[in-house]
Structure formats: C-alpha cells, structure tokens
Amino acid sequence: MNVNQSVPPVPSFGQPQPVYPGYHQSSYGGQSGSTAPTIPYGAYNGPVPGYQQTPPQGMSRAPPSSGAPPASTAQAPCGQAAYGQFGQGDVQNGPSSTVQMQRLPGSQPFGSPLAPVGNQPAVLQPYGPPPTSAQVTAQLSGMQISGAVAPAPPSSGLGYGPPTSLASASGSFPNSGLYGSYPQGQAPPLSQAQGHPGIQTPQRSAPSQASGFTPPASGGPRLPSITGPLLPGQSFGGPSVSQPNHVSSPPPQALPPGTQMTGPLGPLPPMHSPQQPGYQPQQNGSFGPTRGPQPNYGSPYPAAPTFGSQSGPQPLPPKRLDPDAIPSPIQVIEDDRNNRGTEPFVTGVRGQVPPLVTTNFLVKDQGNASPRYIRCTSYNIPCTSDMAKQAQVPLAAVIKPLARLPPEEASPYVVDHGESGPLRCNRCKAYMCPFMQFIEGGRRFQCCFCSCINDVPPQYFQHLDHTGKRVDAYDRPELSLGSYEFLATVDYCKNSKFPSPPAFIFMIDVSYNAIRTGLVRLLCEELKSLLDFLPREGGAEESAIRVGFVTYNKVLHFYNVKSSLAQPQMMVVSDVADMFVPLLDGFLVNVNESRAVITSLLDQIPEMFADTRETETVFVPVIQAGMEALKAAECAGKLFLFHTSLPIAEAPGKLKNRDDRKLINTDKEKTLFQPQTGAYQTLAKECVAQGCCVDLFLFPNQYVDVATLSVVPQLTGGSVYKYACFQVENDQERFLSDLRRDVQKVVGFDAVMRVRTSTGIRAVDFFGAFYMSNTTDVELAGLDGDKTVTVEFKHDDRLNEESGALLQCALLYTSCAGQRRLRIHNLALNCCTQLADLYRNCETDTLINYMAKFAYRGVLNSPVKAVRDTLITQCAQILACYRKNCASPSSAGQLILPECMKLLPVYLNCVLKSDVLQPGAEITTDDRAYVRQLVTSMDVAETNVFFYPRLLPLTKSPIESTTEPPAVRASEERLSNGDMYLLENGLNLFLWVGASVQQGVVQSLFSVSSFSQITSGLSVLPVLDNPLSKKVRGLIDSLRAQRSRYMKLIVVKQEDKLEMLFKHFLVEDKSLSGGASYVDFLCHMHKEIRQLLS
Ligand SMILES: [Zn+2]
C-alpha cells in the first residue's frame, strides 16, 4: 500500500475569520475534517498553506520541546488559584498520592472484583412517585412487551427466514466485526481448542416472572391488563394533517371482555373491567387506512385480540395501526433538512434548539458553543426541581470538547493571557466568558456563574461603551465567542513543569494466532509508512511525538531503536509479575532520526516470530510496561495494543473463560459486563495518573472477555476495535483504515474536564470513557475528537427565567506537540415556568443518547429487564406529563406526542431491543460488551444512526443524481424485491439485493448475469465502468467517510440465510429476540400513558 498515492487535496482552512491580534489559531480545528476516514493521510500531510500560519506571538512562551518552566514560575498567586479548579492537591489527576505512584502489587484489587467499571455507582432510580412506577413495573413485568421472560419465539411461521439456531450454528456469517460467529476448527495446534460459546444454541432460562401482574387496588374501571406480547391487529386512526402528532385510537371495537390470550406463555391473568370506555374515534382526523396482518408483524399468538380490549358483544376482525400513520423518523429528518439545512445556525441567541444531527448545516459562533461541541436534551430548563421531577425529562448535555469541525468552520482561537494565566472568577474559578458582566466602568466584573464580584487586573482593563459592554469585546474571543482556548501557564502543569511531547508505543502480540493470520506482517508493513503521519501541531514540519516498540506473547520484548545503532536490539523481560522497562535510552525515539533502525525492526519482527508455537499471551504486564516507559520518560502518551487472545498465561491480570450464555435473562447477567478481576481497574488508575491512554485492537478467534480487556481503554479515554476471526484477505481494509485514522487522530493528553454551571443546577452524573476520582473532575488520559462525555444536571435551587442557566465546560489538556492548553465551551440555556416550554425545546436524539448510556451503564448493576422497564416507565412518564399539562383536551383514546418528541417511542424501542438490552441468539457475550463500551462515548449523531439505521434504496433515484437517495423506514415492509438497498448504522454496512432486481442492474453492479450468481456475503463490489456501479461504489465511500469507523460491506440476497443478519437491523419490525415492532411498542406506550393518567 503506497500511502502517498492516496493524498487528497487538502482543504484550505484559511477561511475568512475575524482578525484577533495577540493570539493565534489553534491547530486543532485545522486538522482533518469529518471526512477523515476516506482521506487517510490528508489531514497531516504537508505542506498545507492553511496550517502554516505561524503564530504571531505567544507560542514562544511554551516551546513544545521545553520541559523546563519559564523563568516566571514564581508567579504564585494566580497559580494557587489555578490549582483550585481541579480540586486540592495535584492538578491533573486527583490526589497526589496517585501521582507519587508506588508500584502496587498486580493483584491488588481496586474495589471489589465485581465492581462496575465506572467510577460512579450506577443507580437505577425509579422515577416518579413510587406507587405509580411500581404499579407500572409490576404490570410490565407481566406484559412482556420486550419478551424478556419469553422463550425464544417460534422459529417458523413468522416470515423471518431460517430459524435462529440453524443459522447461528452454521457459523457461516461473514465476519462483520460485530456479529461474526467464530468458525470452528481454527484453534492453534497447542491451544485449548474450545468451541466458541456463541455458537451454542441459546439456552434461555425458564420464564420466571410471567405472573407478576397484580390487579390494581382501585376498584374503578381499569384499563385492560394484558399479559403477553403486544399484538398487532389494533386499528388506530391516522393522524390528521393538522395534527401530525396525534395518533388516535381506532374506532370503538367490540371485543369480548377477557378475550383469551392463548399464547405459549400459558395461563394469563384475567382481563379486567369489561366496561372500559375504550378508544374513541379520533375527533379531528380521519382514520388511516387499515391493513390486515402482515408477515412482518405476524404475531405468534394467533388468537390474540387487540390490546385495548373493549366492551361489546361481538369481536371484530383484528385491525392494525397503519404504519404510515405513525410518526416517521424519515419524515422528521427530511423536514428538518428542508427547513434548517439552508441557513447557518447562528449561536447568538440563548436557548435555541439546533438543527438535528442528521441535517447538514454550518455554525456561526456568536457567543454560545456550537452544537458540534455541546448538545442538550432540552434548551429550556424548568425553573424548579418540582417541575423537572414532574416532567421526568432528563437534563443532560452531550459534550464533545475536541470535536472536529468541517473545513468551513473556524477552529477555536487560542488566547494568551500571559504569565498570569487565563482570567478567572476568584470564587468559582469559572473562566472569562461572554456572559461575565463588567461593572464600575470596567474595573470589576460580576461572575455569571456564582455572582462573585471580581477585580479586573490592570493589564486586562478596558472601558465600557454606553451599553455597558467592553469596547474590545469583539476583539477578544473570550468575550464574544462560545468556544476558544487559553494557553495554560506552568501552574496548570503536572509537577509545575511544562510537559514533554507525548509518545506512542506500539505493542504487538506475536503469539501463534497473530502470526498465523498474517496480522503481524500486515501491521509491521503498514507501520513503516504510517509513522510518517503522526499527529503534529499546525505549522510543525514533523510530529513531536516519539515512538517505541514492544512485542509480546508470554514474555515481553523491548527494542532499542536508537538512531546510532546499525541494527535494533531486543531485550526480553520474562518476569511479567514484576514488570520493568529494561532500557530508557533508545526506547522512545524520533521517527525521522531512527528511521533506518525502525524500518529494519519492522522488517525483522515477522521473520523473528514466523515459527512461533507460543499460543499463550499476557495482557496486564504489557500495559504496565508501556505505562512505566512513559513514566520513565516523564511524558504522557498512547499505547496501541494489538492483541489476539484471552490472556491465560501466568501473570497479573490472568483471565479464565467465564463466558456463559445461560446467564442471559437471569439476575447474574450483569456479571457478563463486569470485569472478572480488579487488576484491570487498578492498572487503569495508574495509567490515568501517568496520562497513558490505551487503544486496543482485538483480533479474537474466540471469547477474549472484552468486558475485562476493555476496562483500561475505557477508563483512559481510549478506543477498542474488534476484528473477530481476522483474516488478512477479508479484513485488512477495515483494520488498516481504522488504524490509520486512529494513529493520526488529534488527541489531547493528560486531560481534566470540569463542567461549571450557574447557580441553581449542577452536574451530578457523567457517562463516557474516562476516570473520576472525585465527583467533579473528569480525568482523561487521552481524549480525541470522536469521544463525548454526557453530563446530567440536577437542580439544587430555583432557576430564574430572566437570567437563564449557563454551562461552561473547561478541558485542560496537553496538545500533541506538548503544549498545555485549556479549551472552553460556554452555553446559555433558557429557563421556564411552563412545562410546555420545556417540551417545545427538547431534542429527542440527545435524549436517546443519554437514555442509552444510562441504560448501558445500568446493566452493570441491575438485571437487564429492570433496566428496560425503567426506560419504558420514564418514557411513559415524560409523555404522560405532556399529555396532562400541555396538550389540549381530547379524548383519552388519542395518543398525543409533543412535536419535539414524537420519535421518542420509536427510538426508545430501538434502544430497548438493542443487542445489549435484548440480545439475539447470534450475539456473543463479547459483542455485547464491545457494543456497550462503544455506545458509552458515542456522540448524538452516532447513537442516532446506530439505534435507527439508515436504509437507502439504490435504483429509485435517477442514476445521474449525485445526492444520497432519500432513506426509507427500517422495515421489511419498505423493501421492494425489485430494488436494492444500502443499510448502515455506523458500524455495519449491508447491500440487500431483491430477488426480482432487473438482470441489467445485476450485470452492471456485480458483473454476473443473474441474481442467483451473485455471491452471498460478498464484501467488495467489482470495479466496473458503468454509471450504476460508479454511483453505488461512490455512495458506499461516502457513507464510510461519514463514520468514525470503517464499515465493511456485506452483500445480502433476498431469501438467503444471511438475510436474517440483515433483518436484525430493520428496527421497526418485531425482532427475533423478542423486541417489539414500532407499531406494537407505540400501542404499549399509549397504554402505559393512559394508565398513568387514569
Ligand atoms: Zn464565579
């Protein structure tokens, strides 16, 4: 692979920008844009005119290579203040005791062995008044909307193709990364060959709680209480044009009271209250056309009636809710694109809801942080905690501090406040921002967060204009923009020393499996060229990052690649129980200086281990070694670990195979997500203290215990990649693409993030890949432009409509050139005394991001079913509160959804039936742990497409059209067998081919003459010189470019057994694992809401 051939034109970042004297532009935003994945080397390839802006001044204050503090370190007073931000003691990483690290015994547990990964206890709190929620939960437990206690659905008669167990056992799915079953018979000669547990036919526990329904205490008429899955057959009226959110109940239907629900679950609780008023005709809209039961929605309970059983003498033939009449994600996305995609989003107005993440728009920073950095669940916060509790809408912000920007948008400016450091409030330590109020002619300012009056230092003094605004407000980013950076002084540095540039250490598993698959050879070959593209500061000619190399199996091999050597030297450390770094000089080197030695080493590694029979590996000692090396070099950095197997060799962190699918749907299921030993958390804590971020590339052939191995990446802000059953020929493109992007990523090292809020609310909970040693500081050994931190807020006082609420996120980090900086993001929100204002300013995509992360953390401590029930209850409470307080009076039979939340039910259902919360038989334990870990740091755009995949028809739009075809809803019903579709969710990419696709189309795309000749599972389309082929391949490239991980293509033919894998992503349909269809779930949600309101 000649990387130099793929150098694309580099976009110019020299867009018109206001000229701010005295500071220069950060190098960050100028780096690769969101199109990075297909431009592997563009971002850092020079020369780039846009990057060459030599900072006019300020840079010399902190030379990247300088490890010594400047002469001004005696500036004590401000320094003391600065420390205060991050708590007492050590600035960056918590208590000083963790910095003066003494080697801990590898086996020393950190917390209990089964402690959750996160620092925060995950408490599943039932929302709302206990009686109500308890009641709902009790009913839900009998209802099984989510099928938690149901046995696997019948494998036939549902139109779903081959039965689950058959397809699963075949093990012949192409390796999609996420859902690859492990083929058998790949075990190395000497290893413990074990069939992968994922191949077993799932054994579900017997239904245990099916009879949990308790009749409500009240004697009045009750809603029918139905146990058993939600059923189709209910006919709802379609929404009227004028009220798109009103989904009405069907006309009165006569159903016998207590209609028998004879399903496979056996006896069901009796129906209640035959005299139920039931559904009323919609008062203001016509009923949508009803459809008969369709295969996709086919119920396993043939005799089942509709949900809202009505009084009346005669049962009517079941009707069903018209899928076209319920809120459509596609329509909402389209509408937002049409309405908001044309004008830039200007951030000057407080409390504005930004366009959806699925809309392309530009942002103009006029005082609030761009939605690319911060998105909120609501931009209008209830004034009181009582209101907030009533509404149950979580108040949360999804923050992506180092988000990459499109080339058209300016990256944050870097402000230099000189030796005294950034100007801050003396009391709360908030940083100077556009919301600070200058008073007394400019001599003092009142803090917008805590109201403290502060003196303006003489060097910062400026006169005010007649409106009370500083006359230099528009010349200073910190007075006029939502996002900017400060150069940090030495007071913000560990040990009061400016940091050294970071280092990258490549740690390569050279055990039998890694060699056999061709991984080691591929990787070494790639590194030779990839090392030229390490991240670097804007104007720098070469990266400041030093590199080091380690290989390992049961022992570790360190390499001296000092430039003066003719050949690299290897040093073996076999005492893995007491890891040390055998060399300092020559281990971490400059790539250009040591190029010849490094190239020689990378040439030799595959040969040296070519004949290895060693199958066992260690893991913890490898990370320990990398961390010790960084410590010895007194720098932060990143470890790139390439690992193949469960670490069973005798060493700290040794693991055993504890995969057990029988635990699914039991109270012990949570243990599958928990690390099996505390050694990993202990190690992670040490890594965080050193600023050592770990990225893990896994190449497993069988269970490797992702839940445990991902602990260190998770707590150090790193990434995990997983390539099950890796084979060079099939997977090299995906792996190399991910690797290139990962190595080139701009990373902030040794970072601490603090979110400050104005009086009345405060940050109470945090979700993401980081470590916390106290309740306020988010510690990140590394943070890249893809990672988000979700923060939840709670009231601690009354808010004021007039002053609103403010957030300030401050991220202290070391840049890739070793410069210490602070990145500040400010956001002002409105506050309301009317619930309707809250519901008008919500963002469902962000809400789902929060709820998914909340649930995915919850499974560490609670049964999965309880987590699902909590989500359902909360969603019902949110919607019931709206109905009760905000909607105009209407019949109880109407389901009324707030405009901003009309997709909440469909999206929530997708979360509920996701692999973590409701696994299908083909999902391995490692897959679930992997996805759980990924979602934790996803941004809103990623969770949006991950939970509700995009399905794009390929032949409907004109062949010459260059835009993406409009998506269709993710349901089998929307597939035409004469068309082809691309489906993507950010991790997976399918091309589904209908059985009746025209022969010419087949020929144009696959170069075969008929449908039957298309190879099922194909992952590369032939490169053909015709418009259709070019268009489809171009579209695939474009989809890949939008995502942070490479999506491998899988071609699926209609009626082929692979189709089951594909149908897993048709999330509006009932899923094989028991997840409800959208229609059914909406009916269920309606019922929940009515129960809450009655
Ligand atoms: Zn303050």
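The legends below describe close-up views of a predicted model. In this predicted model, local features need pLDDT of at least 70 and side-chain atom pairs count only at pLDDT 80 or more, while totals for chains, interfaces and linings use all residues. Residues are numbered from 1 along each chain as its sequence is written, and side-chain values use heavy atoms, with hydrogens and water left out.

**View 1. Four cysteines hold the zinc ion.** The protein donors are C425 (SG), C428 (SG), C447 (SG) and C450 (SG), at 2.2 to 2.3 Å from the zinc ion. Donors here are N, O and S atoms within 2.8 Å of the metal (3.2 Å for Na, K and Ca); water is not among the atoms, so sites may look incomplete. Angles among the four donor atoms run from 102 to 115 degrees, and the site is tetrahedral. Ideal angles for four tetrahedral donors are 109.5 degrees. Along the chain, the donors follow the spacing C-x2-C-x18-C-x2-C. C425 sits in the loop between β8 (413-415) and β9, and C450 in the loop between β10 (444-446) and β11 (453-455), so the pair ties together parts 25 residues apart in sequence. Helices (H or I, at least four residues) and strands (E, at least two) are DSSP runs, numbered from the N terminus. Both C425 and C450 are buried. Buried means under 20% relative accessible area, exposed over 50%, and partly exposed in between (1.4 Å probe, protein chains only).

**View 2. E334 and R337 pair within helix α5.** Their side chains meet in a salt bridge, 3.7 Å from N to O. A salt bridge is a side-chain nitrogen of Lys or Arg within 4 Å of a carboxyl oxygen of Asp or Glu. The two residues are three apart in α5 (residues 329-340), so about one helical turn separates them. E334 is partly exposed, at 25% relative accessible area. R337 is partly exposed too, at 31%.

**View 3. R595 and D532 form a salt bridge.** Their closest N and O atoms are 2.5 Å apart. The pair links distant parts of the chain, 63 residues apart: R595 lies in helix α10 (residues 595-608), and D532 in the loop between α9 (519-530) and β14 (546-552). R595 is partly exposed at 29% relative accessibility, and D532 is partly exposed at 38%.

**View 4. R658 and D705 form a buried pair.** The N to O distance in this salt bridge is 2.9 Å. R658 is in the loop between β17 (637-643) and α12 (679-690), and D705 is in the loop between β18 (692-698) and α13 (706-709). They are 47 residues apart.

**View 5. Shared partners build a salt-bridge network.** R404, R741, D742, K745, D784, D786 and K787 are joined into one network. The count for the model comes to 50 salt bridges.

**View 6. The largest cavity has 20 lining residues.** On a 1 Å grid over the protein atoms alone, a cavity is a set of points where a 1.4 Å probe fits but cannot get out; lining residues have an atom within 4 Å of a point. The volume of the largest cavity is about 250 Å³. A volume is the space filled by probe spheres set on the points, with grid points joined across faces, edges and corners. L934, M938, E942, S1044 and R1045 lie nearest the centre of this cavity. The elements giving two or more residues to its lining are β19 (720-722), α20 (925-936) and α21 (940-947).

How values were computed. Tetrahedral: all angles 85-135°; square planar, octahedral: opposite > 155°, others 65-115°. 1 Å grid on protein atoms, 1.4 Å probe; cavity = no way out; pocket = protein on both sides within 12 Å on 5 of 7 lines; lining within 4 Å.
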